[in-house]
Amino acid sequence: MIPATAQKRHIAVLYLVLLATPTSLSANSTITVIPELARALGVSAAEATWAATAFGWGGVLGAPLTAALLRTRGMRAATLVNATLILLGTLLVAGAPALPVLLAGRAAQAAGGGGLVTIAITLAGTTSRAGAITAGVGLVGAFGPLAGSTLSVISWRVPLLLSLPALLAVPAVLRHAAHHGSREATAARTDVIGVLLVVTLVSALVLIPRLELAAAAAAAVTGLLLTLRVRRKPAGFVPRPVIRSRAFVTAAAAAGTLSTSYFALLYTVPRLLEHHWTTERIGLMTLMMLTAGSIASLSFSRWTSRLGAAVTRPVLLTTGAVAVALPLLSPWPVLVVASTAFAVFAATAAMAWYAARVGEVVPHEHRATAVSLFTLCYQLGGAFGPALATLLLA
């Protein structure tokens, strides 16, 4: 898929895994500290849950902001900005005296972390390498609640600092950028209006569960304005050749749908099992299933180049459908919890496979932007899934 000469330029995949996985660990550890956070800062539990919303919002902002940086400033600048956001956010969280400061810190952490995930996927280059990253994100994220409950013994703030280890991989990325440059960076001026419209659109979409009609109306208006912007400026922040690509639209839709179903099941399945198993057993079984699904995704991603689209696509879509069907149709708790294994397999394997295809089908000058926008569609599932779960369980 990629010439041998290009493969020599690849950064070690372990650095990319380290770059991407701490964000998922930090995201999934949040929920375990909500009660202690509320008591410490003197707010209600409902107000404290904004810490999770802020992280989800910041995470989806990281992709479009990183796309703009990659296109106009290159890999080095994009990496440094995202690393700075994580560091700044961590400092704010560590010393936040009040909830607004904490929310600002969590949003900054997530924006930087989401940007580093985008950079890791962009640098992957092959499906198997992207599969290692996405499987690692799923696997490490599965340990988030456990890490949160364990580390909260030290302080409720410690689980909120788990984005920081990603900075250990930053020097390797900077060395790679210095040696090989960034061919995607151009001297073109940043399409500020396009960036603002995308940021506003994803912000409105993420806030729909919180603000409902107001956010939905804002999303509709911004979506219309963004469409007009793309027509008026086809080479802007959202390039017309990218969104006119059938392969890109298909990949983005599939990844977004599978990601949404995965995160919805992650929140729904434990509630469905409350009357069958103890909380400890539910947590253990879910962890085992997510681990199994992530490992299966890693193994499958290594074979997709040999299996081809005719096999890979049906496998991904079928496993995604099975994941949704099991909680609806199965009377046995073990099969209900098994849905999370199918879901994480489908979502993470699809992310790896489709990301590589997106990089192949769009014009080279738009590759980094296309991968970033595709990653954004996947990350939106992390915001839509929990909201969907809330509606289903209401």
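In which helix does L225 lie? L225 lies in helix α12, which spans residues 213-232, where helices are DSSP runs of H or I with at least four residues, strands are runs of E with at least two, and both are numbered from the N terminus.

## Basis of the model

This is a predicted model, in which local features need pLDDT of at least 70 and side-chain atom pairs count only at pLDDT 80 or more, while totals for chains, interfaces and linings use all residues. Residues are numbered from 1 along each chain as its sequence is written, and side-chain values use heavy atoms, with hydrogens and water left out.

## Overall fold

The protein chain has 19 helices and zero strands, and its C-alpha atoms fill a box of roughly 55 × 50 × 40 Å along the principal axes. Of its 394 residues, 54% count as buried, meaning under 20% relative accessible area with a 1.4 Å probe and protein chains only, whereas exposed means over 50% and partly exposed lies in between.

## Nonpolar cores

A nonpolar core is a set of buried Ala, Val, Leu, Ile, Met, Phe, Trp, Tyr and Cys residues joined through side-chain atoms within 4.5 Å. The largest one holds 96 residues, and among those touching the most other members are L19, F248 and Y262. Helix α18 (residues 333-361) gives the most to this core, with 17 residues. Apart from this core lies another, of 15 residues, including L37 and W156.

## L225

L225 is partly exposed, with a relative accessible area of 41%.
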